[in-house]
Amino acid sequence: MSTALHRPSRRGRRTAGLATGLAVALTVAGCGDSSSGGGEAAAYEPASSDLSATITYGVWDQNQVPVIEQNIAAFNEEFPDVTVNVNVTPYSEYWTKLQTQGSSQTLPDLFWMNGPNFQLYAANDLLEPITEVVEAGDIDPANYPEALNELYTLDDVQYGVPKDFDTIGVWVNTQLFEQAGVELPSGDWTWEDFQATAAEISQKLSGQGVYGAAGGMDGQTTYYNTIFQSGGSVIDGDSSGYDTPETQQGIQFWTDLIASGGSPSMQQLTDTTADQWFVSGKLAMYFGGSWFRSAITDSDLVGTVTALPLPIGEEQATVIHGVSNVVAADSENKQAAQALQVFLAGEEAQRQLGEAGSVIPAYTGTQDAFADSLEGADLQVFLDALDYARPLPVSANTAEWNAAETELLPEAFSGARPVDEVTAELAERMNTALAAE
Amino acid sequence: MSDSVQQQAPAGQAPSSQAPSSPVPRVRAGRGPVGRGGAPGQPESRRRRKRNDGAWPWLFVAPLAAGIVVFYLWPILQTAWYSLTTFGVFGGATFSGLDNYRQLVADAALYRALGNTLLYTAIVLLGIPIAVYLASLLNLPDLRFASFYRVLYFLPYVAMPTAIAMVWRIIYNGDFGVLNYVLGLVGIEGPYWISTPGAAMVAVALVGLWSSLGFSMIVLGAGLKNIPPDLYEAAELDGASRWNQFRSITVPLLTPSISFLLIITVISSFQLFDLLYAILGSTNPTLPRSMSLVYFFYQAGFVQNDKGYAAAIAMVILLIIGVATAVQFRFQRRWVHGG
């Protein structure tokens, strides 16, 4: 589930793995011989209902296991002789494990894939394209948000079928607006409205240590959105978009927000992250993903929170990301794996997923349940955002330039160095990384 | 890495349970008195014993040796080889000579990481004199609740580093942390500990120092028990003060334990990763300025997927720890009592 995409703290558990890091990484990786037979295997053929096989489905979110089991029960009505073993690996270890499995040709038959990792697996021929399944008419990409199809397409070949999605909006604490005596903004607000509202609330409620808004180090929920809104790009073709004036404006947005006192400082946000400020009732507006709903459900803010669309800059934009189901290219039961992939992509399974409520299903028309899933809040904004959503920027080795962003951008946000100087250095680092791919 | 080997060892030793059925005792019995107990006038049997030992000693050490070879030596050799290659994310190493090392010596991050690791090591080493002092206090004959204090000091050592780190992260919080609150009471405005370059590494090292105290004190406590009480009695008769006894008896006779601690502490400090990772967090903007050598390795190998480069970093870490340990062994003869 994409909710876990940016939760670094959970990765802390990987520390245990490092004890054996060296040995494991090298011995295990050494087992793989790099030949893998993707693509050219037997042509796709829809499975018949007497197909008999045992397959593994690799996922990382324990919370979704109950609904996955419902999905599989429905799948088994059609294919009674296919046994599906659901293999749950916590997100913090999921990618390390998957990399090891990829090296030793032991990938699960069907598994979850996210945007930042997708191209790495697709480019190494570890994933089965869905081209033939689409040609056979069993999956129709038109049923899913365009941006998500794009996210899982490499060199014009699509590999993943979108399973769910998330978009970004502004979560609002209405109680703090009341206390500050500031009117709740309307949905069609601009950057200027946002900045002014943030500064005003910070100023009026400074006695309580409350801030109007908050930046952060998470591109997906913060600066990627403003970069798209100012008409910039993170990746443009094969090179970095950070050296364009439009992209620099998208970064400047956060520098201005901190400089005006509308947001806590970068240091404060490192110690206490924006979502923690919001859940503690010390933040009036939070740029957050649709997945943040579950964090509110668990807090005592229920009833005082609602959501607004992101403010509009030069244009309206939000980042969209979602998990997809992919079939391993070297699966021994590819037919069964593809049958399950097709089933999970279908309306019935997607409706089950939507009704379970933990994520927004990707299939158009199955998402209504989400809009009313938080008391007192209209979450329709996250669904409406599909109209102007842009895929999360990724490349073959996303992590490499993500590290450069984490290292350099805070200096721009905090005002320690001029924005254009930082972004120029970042563009250079990123172009080196992209060229190495 | 030692953890994994300790876990593996019992499994590896399983075959030795068959040892009692081996014919060795019979053979030895048949040859009469041999070995250490053997009379000095029997060079012939001694020579024969050497020859006849044959494969048995090897068989007995085999489980342990196999563990070391499989889990230490073989991976080290492989790492050495991979450090000379460009390593694909999903396997497939291509030989690239010394490229990784050339890139590494030119990488400013290496020197920053080395500097940070040395700073951390220096601060954690300060824990040894503190532990010597505390251990000798705990060892005072008239101290009440001694075992209670011992448990208190040892608890941080047995607690999981990640759990400890979580708690300290909250203590260090710049706005809402206990530490800055207490400092505020006495009029000091504390920094944002974990997000200020410089302060961050000191903050992590203080936790490292604190959590290593327990182990050091156990080792030193054992050393203290080995000092004969009559030395203190004699010194007391001669009118030596407590402080002079501590300086002239306790410390010199503890030097073997101190030397051992020094070596262990330096090695474990060079392996700093988990505390740093968990206290600072992976998106901390100060991290590039505060990372340790092992974190640098982790970043290259597991975040950026450059495993050949990571292998080269690992070899450099191995080399540094090897040299540091060799130097300590060499100099310990000069200052360790009876060393």
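Modeller: Let's start with a pair of residues: Gly58(A) stands opposite Phe111(A), which sits in β3(A). Keep in mind that this is a predicted model, so local features need pLDDT of at least 70, side-chain atom pairs count only at pLDDT 80 or more, totals for chains, interfaces and linings use all residues, and side-chain values use heavy atoms, with hydrogens and water left out. For finding your way around, residues are numbered from 1 along each chain as its sequence is written, while chains are lettered from A and ligands numbered from 1 in the order in which they are written.

What is a strand here? Strands (E, at least two residues) and helices (H or I, at least four) are DSSP runs, numbered from the N terminus. Two strands pair if DSSP finds at least two bridges between them. In chain A, strand β1 (residues 53–59) and strand β3 (residues 110–113) pair in the parallel sense, over two bridges. β3(A) also has strand β14 (residues 324–327) of chain A as a partner; these two run antiparallel and are joined by four bridges. There, Trp112(A) stands opposite Asn325(A) of β14(A). A handy rule to remember: in a regular strand, side chains alternate between the two faces of the sheet.

Now step back to the whole of chain A, which has 21 helices and 16 strands. Of its 437 residues, 58% count as buried. Buried means under 20% relative accessible area, exposed means over 50%, and partly exposed is in between (1.4 Å probe, protein chains only). Take contacts (heavy atoms within 4.5 Å): among those in chain A between residues at least 6 apart in sequence, 77% join residues at least 24 apart.

The largest has 133 residues, and Trp171(A), Tyr223(A) and Tyr242(A) touch the most other members. Its largest share, eight residues, comes from helix α16 (residues 334–345) of chain A. Domain 1 (40–166 + 322–365) and domain 2 (168–320 + 392–436) of chain A both give residues to this core, so it lies between them; those bounds come from an automatic or database domain assignment. There is also a second, separate core of 68 residues, whose members include Leu104(B), Leu220(B), Ala314(B) and Ile317(B).

Another salt bridge joins the side chains of Glu200(A) and Lys204(A), at 3.0 Å from N to O. Glu200(A) and Lys204(A) are four residues apart in helix α10 (residues 191–204) of chain A, so about one helical turn separates them. Glu200(A) is partly exposed at 30%, and so is Lys204(A), at 45%.

Which salt bridge takes us across to chain B? Arg289(B) pairs with Glu411(A), the closest N and O atoms being 2.8 Å apart. Arg289(B) lies in helix α15 (residues 287–290) of chain B and Glu411(A) in helix α20 (residues 398–413) of chain A, so the pair joins two chains. Arg289(B) is partly exposed, with a relative accessible area of 33%, whereas Glu411(A) is buried at 17%. Both belong to a network of salt bridges that also links Arg417(A), Glu421(A) and Glu425(A).

And chain B itself? Its secondary structure comes to 17 helices and two strands. Of its 339 residues, 41% count as buried. Among its contacts between residues at least 6 apart in sequence, 67% join residues at least 24 apart.

One last stop is Asp238(A), in the loop between β9 (235–236) and β10 (239–240) of chain A. Asp238(A) is exposed, at 72%. Asp238(A) and Glu437(A) are 199 residues apart in sequence, and their C-alpha atoms are 9.8 Å apart in space.

How values were computed
A salt bridge is a side-chain nitrogen of Lys or Arg within 4 Å of a carboxyl oxygen of Asp or Glu. A nonpolar core is a set of buried Ala, Val, Leu, Ile, Met, Phe, Trp, Tyr and Cys residues joined through side-chain atoms within 4.5 Å.
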